[in-house]
Structure formats: structure tokens, C-alpha cells
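Please examine the sequence and the structure before reading on.

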Amino acid sequence: MTDVCRYVRRWINSLRKDECIAISVDELLELMNTYLKAVGYGNLEKVAEGDLKECLKRSKTVEMVVKDGGEVLWLWGGRRRRELFDMIIQKAVKDGKVYVV
């Protein structure tokens, strides 16, 4: 399970660097597993939904939000939320506005 959780953390950190705020569980699994199939990551072959959710239970910076039958990961919890707000404010100062799509 350690390899899976390490892999999940790398993806979440990468998404945060790209200023991704939230992503559906299905989309994240598809991205991770497509990458594993094409490039690989150690001995890991696939990330199962249950393994992903188990890894996320240990994180204080990722929240699972269930809405209208869909599951979405909010990637900015705890102190990360303040970092996100600071990034948004800096972008608004620089560009005059911030769009969320």
C-alpha cells in the first residue's frame, strides 16, 4: 500500500502545482492508471478506487466531497487552503481577475 499512497501523493502535489482545486475520483483514477500503463511507477500496475480512498484517509489536506452522486476530491485542506487563497490573491493582483472553470 505504501507505493500506492506515495504515487497518489505525487499526483495530488502535481495537480496542486498546476493550481487544480478539485478533481473527480474517476478522473484522477483514469489519469493515474493511464500514466501507469504508459510509463509505469516501480512495481505498481494499477490504483484501485478503494486503495485511493484508503490513502486519502491519512491526508489532512484532501477532502472527499460527495454531491449529486459524484465524488470529488477537494485538494486544498488545512494550511494548503491558505496557500491556495494566497495564490488566488496574487494572481488577482497581477492579472486583475481570476477565473475558475
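The axes of helix H1 and helix H2 (residues 25–38) come within 11 Å and cross at roughly 115°. Axes are lines fitted to C-alpha atoms, for helices over the stretch in contact, and angles run from 0 to 180 degrees between N-to-C directions. H1 and H2 are therefore roughly perpendicular to each other (the term covers 65 to 115 degrees). On the H1 side, the contact (heavy atoms within 4.5 Å) is made by Tyr-7, Val-8, Trp-11 and Leu-15, and on the H2 side by Leu-28, Leu-31, Met-32, Tyr-35 and Leu-36.

The model is predicted: local features need pLDDT of at least 70, side-chain atom pairs count only at pLDDT 80 or more, and totals for chains, interfaces and linings use all residues. Residues are numbered from 1 along each chain as its sequence is written, and side-chain values use heavy atoms, without hydrogens and water.

The table lists two pockets. A pocket is an open set of points on a 1 Å grid over the protein atoms alone where a 1.4 Å probe fits, with protein on both sides within 12 Å along at least five of seven lines; lining residues have an atom within 4 Å of a point.

| Pocket | Space | Lining by class |
|---|---|---|
| Largest pocket | About 240 Å³ | eight nonpolar, no polar, four charged residues |
| Second largest pocket | About 160 Å³ | six nonpolar, three polar, three charged residues |

The lining of the largest pocket includes Glu-19, Lys-91, Asp-95 and Lys-97. In the second largest pocket, H1 supplies the largest share of the lining, six residues.

How values were computed. Points joined across faces, edges and corners; volume = space filled by probe spheres on them. Nonpolar A, V, L, I, M, F, W, Y, C, P; charged D, E, K, R; others polar. Helix = DSSP H or I, 4+ residues; strand = E, 2+ residues; numbered from the N terminus. Parallel < 35°, antiparallel > 145°, perpendicular 65-115°, else oblique.
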